Amino acid sequence: MTHRSSAQPATDREIRDVATGQPLPPLLHDLAEQARAAQALAYAPYSHFPVGAALRTEDGRVFVGANVENASYGLTVCAERTAVFQAVLAGARRIKAIAICTNLSPPAAPCGMCRQTLAEFAEEAEIVLLSPSGPAQQTTLSALLPLAFRPSALITTESSSQAEDVHGAGK
Ligand SMILES: [Zn+2]
């Protein structure tokens, strides 16, 4: 998926942060709207729990994702990871922000597997949790996954070029 710029100004349909009452900044508002739209892409015939995600990479590209379930339940992949994997396959290594939309209110937080995936590529990312309507909750990975197992635990000074990408020296 490529970037789709928001056709509407942020003030047209404000999404406020539940804690501060302030409107989301324009870039996060745009991601939030795209995460809401991405819910429609979900393949969730078993859980009936559609999830949409939209992330922005360091270079400004936006990728969306949705959960893809399977009759063999364990094969299900969450929305967050489908979005992250698309970004990584397109060459991105650093994610600046991600919005995740579920039908729950207050909005659901990412599962543990997705939190660990975000620790790999989105350690510093702004994270927005939201529902199809109503306020959003802004959070961080360190709040969602304290004491995370991070790439730095494995990467040595003789790191490969791929590892350097994780540290931002690459793309
Ligand atoms: Zn997940």
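1. Helices (H or I, at least four residues) and strands (E, at least two) are taken here as DSSP runs, numbered from the N terminus. On that basis the protein chain reads α-β-β-α-β-α-β-β-α-α along the sequence, with five helices and five strands. Residues are numbered from 1 along each chain as its sequence is written. The model is a predicted one, in which local features need pLDDT of at least 70, side-chain atom pairs count only at pLDDT 80 or more, and totals for chains, interfaces and linings use all residues.

2. On confidence, pLDDT being the predictor's confidence in each residue, from 0 to 100, the protein chain averages 89, and 84% of the residues score at least 70. Over residues 1–11 the pLDDT is below 50, and this stretch has 13 contacts in the model beyond near neighbours in sequence, a contact being a pair of residues whose C-beta atoms, placed from the backbone, lie within 7 Å. Where pLDDT is low, the predicted coordinates should not be read in detail.

3. A residue is called buried if 20 or more other C-beta atoms lie within 10 Å of its own, exposed if 12 or fewer, and partly exposed in between, with C-beta atoms placed from the backbone. Buried residues make up 35% of the 171 residues in the protein chain. Among the contacts with a separation of 6 or more, 60% are accounted for by residues 24 or more positions apart.

4. The sheet is open and mixed in its pairing, with five strands in the order E2-E1-E3-E4-E5; two strands are said to pair if DSSP finds at least two bridges between them. Because E2 and strand E5 (137–140) stand at the edges with a single partner strand each, one side of each is left without a neighbour in the sheet. The twist averages 20° from one strand to the next, where axes are lines fitted to C-alpha atoms, for helices over the stretch in contact, and angles run from 0 to 180 degrees between N-to-C directions.

5. Strand E3 (95–101) is mostly covered, six of its seven residues being buried. With E4, the pairing of E3 is parallel and runs over five bridges; here alanine 99 stands opposite valine 128, and isoleucine 100 has leucine 129 as its bridge partner. The chain crosses from E3 through H3 to E4 in a right-handed β-α-β crossover, right-handed meaning that, with the strands pointing away from the viewer, the path from the first strand over the helix to the second runs clockwise.

6. Strand E4 has five of its five residues buried, so it is largely enclosed by the rest of the structure. Both of its faces are covered, with Glu126, Val128 and Leu130 buried on one side and Ile127 and Leu129 buried on the other. In a regular strand the side chains alternate between the two faces of the sheet. E4 also pairs with E5, in the antiparallel sense over four bridges, and glutamate 126 stands opposite threonine 140 in E5. These two strands form a hairpin with six residues between them, and glycine 134 in the turn has a positive phi of about 90°.

7. Alanine 99 touches residues including Leu28, Leu31, Ala53 and Leu130, residues up to four places away in sequence not being counted.

8. Helix H1 lies across E1, E2, E3 and E4 and runs at about 145° to E1. Aspartate 30 is found in this helix, and it counts as buried because it has 22 C-beta neighbours inside 10 Å. Aspartate 30 and alanine 99 are 69 residues apart in sequence and 9.2 Å apart in space, C-alpha to C-alpha.

9. Helix H2 (residues 79–89) has buried residues at Ala79, Glu80, Arg81, Thr82, Ala83, Val84 and Ala87, and these pack against H1, E1, E2, E3 and H3. Just after H2, glycine 91 takes a positive phi of about 100°.

Note on methods
Two residues are in contact if their C-beta atoms, placed from the backbone, lie within 7 Å.
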